[in-house]
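Please keep the sequence and the structure at hand while reading.

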Amino acid sequence: MEVDPCTPLAERSLGTHALTLESPRNRHSTASAKGMKAAAAAHADSGAFTWVTDTATMPSVACDRCSKRKEKCLFDKEKKSCQRCDQQKVACLFDRRPKRIGRRPTAKPLPYGLVDILNLDDSYAQQEPLRQQQATPVSPPATSVTTPSPYLDPLSPAWPVGRQHTLPPDTTPRALVHAVLHDKDMFYTFHADFMIGSSFAHAFQRAIQSIAHSADAIVLSAYQTVFTLWDLEHHRIRPLGEIDISAGRDCLRVLQDANTVKPEDAAAILMVGQILLVYHIATVCTSAQPILRSAMLAVKSYYDDLLGQESLDPITVTPVWIDTVESLLRREMPIVNVATCDRFIVDRQLGLCWTLLPKLHKLCECSARSKAFGALFTAAYSPPEDNVDDAFSGVEAQIQAWEPKPPVWFYTSFTPMETAAMLVQARVYRRAALLIVHRLRYPLGVRDEQVAGDAHMIVAEISGFLAWAPPEMKGLPVAFPLLVAMLEVKGLGIDIVPQLASFSRHPRHGVDFVRFVDLVWAAREGGFRGLWFDLATNFEMPVLP
């Protein structure tokens, strides 16, 4: 009998006898097969279980009882129990967890750091002390450039904010979360590094309060998890050996299983993704992009609704900014494009770069296509040496013409220092985007002199800002423009790395930042003439704006 390839598998498997009797290979065994049927009928008369295969179908997954006994599971038409469970008068259940297909995932070794926070194996907590004893430190690539980082000691993490504050009498994580979310001074103390200035604190606090109990209160659980990192008595982040990293693993599980039924639930998931990003960088200091991107993918369908709620801007905009910046480095497509939102948003991390964000998304798109298709992407363009007209020309022209145009209320809503800081950020990001366009066109060592001026301007802007900025404002998100500039001029900006709060608060992050710059320059001096983006793909440092 010929079997129609379009016939479902269950219908093709209507009993082994039917297929065996009509198979061309077994026509000679028809008589013996009939004898087997007769024997099965006699066995049924004796009261033992038998299968009726003429009208039964086999599901794609066996019930729990048949699976455990490793026996066939057949269902009669319009029956909710299989033949075996029905004859034995037991419930026919499908409650077991499906088995994983393929190899069990493992954390692969990376050039620097660990990604074991992503390991969901329950045995991790017991194995971690043994791993720390057996692990041998991974040396960075041998370079001819030393790392001048006297202020960046990876073994002595600093207190995350560095401001004077009064702690509540009860400093357990649960009580601390309540105090931080309800006291404005405490809130700013613990969140100063995640906003450009104190003027953003009130809206940020109100946004978190509005979604704190959404999605089964996962935000509160995430805050309790991240507060276990901080040694309040000694004003420091605990070293990795003192941290129970299983709390982060459990919080990641909760994030993966969270249910989204309304925009507030989606905002809660985004907030937990940002909290876990901070937790991940503070513990293992490697790229946390998979965590944040998984949260964004889970709520991507809600983003239009989220961007329509101005009160949730402090939660929903920053993830797009972080993802876009890391996508520029990795040459990937960002998850969300905000080009459809017609509001002008001044964000706690993005500052005045809201209208630049769609242009950076377009640049990511061009870069990702160039990476995927190579010469095919630019085959239609044959740029002459001086008058370049290639696949990046359109977005380059848009970035060159861009300038922040804040609304009327901007200058009265923020302090003069915050206004100046956001203007500095906008200028250096525009220059950094143009440097990226140049390096997507030309490999290292080609036309370096054309962009050296932009690199010096970026460092001059950041250095000037840090010279007058108060300590609580040195968390201005300008690390990515600084990185792009340092890759263009050797030794440029190395002295201001320890002054940025994102590095002084997390010294291991600063050490890896400088190591990557050293790696690129060592490759250039060794004759590498490719794109520095190719070197970044194998370097798992966290990339923050």
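Is the crossing of α15 and α16 left-handed or right-handed? In this predicted model, α15 and α16 cross in the left-handed sense. The points below describe that helix pair and then turn to the cavities.

**The helix pair α15 and α16**

- Helix α15 spans residues 313-330 and helix α16 spans residues 357-373, and their axes, which come within 9 Å, cross at roughly 30 degrees.
- Because angles under 35 degrees count as roughly parallel, α15 and α16 are roughly parallel to each other.
- On the α15 side the contact is made by V320, W321, T324, S327, L328 and R330, which meet L357, L360, H361, L363, C364 and K371 of α16.
- Sorted by class, the residues in this contact of α15 with α16 are seven nonpolar, three polar and two charged.

**The cavities**

- Six cavities of 30 Å³ or more are found in the structure, and the largest cavity has a volume of about 550 Å³.
- The lining of the largest cavity is made up of 32 residues, of which D193, F194, L277, V278 and Q349 are the closest to its centre.
- Two or more lining residues are given by each of α8 (184-191), α10 (218-227), α12 (263-283), α15 and α22 (501-504), and α12 provides the largest share, with six residues.
- By class, the lining of the largest cavity divides into 21 nonpolar, eight polar and three charged residues.

Definitions and conventions: Residues numbered from 1 in each chain as written. Predicted model: local features only at pLDDT ≥ 70, side-chain atom pairs only at ≥ 80, totals over all residues. Heavy atoms only, no water. Axes fitted to C-alpha atoms, helices over the stretch in contact; angles between N-to-C directions. Helix = DSSP H or I, 4+ residues; strand = E, 2+ residues; numbered from the N terminus. Parallel < 35°, antiparallel > 145°, perpendicular 65-115°, else oblique. Left-handed = near helix turned anticlockwise from the far one by under 90°. Contact = heavy atoms within 4.5 Å. Nonpolar A, V, L, I, M, F, W, Y, C, P; charged D, E, K, R; others polar. 1 Å grid on protein atoms, 1.4 Å probe; cavity = no way out; pocket = protein on both sides within 12 Å on 5 of 7 lines; lining within 4 Å. Points joined across faces, edges and corners; volume = space filled by probe spheres on them.
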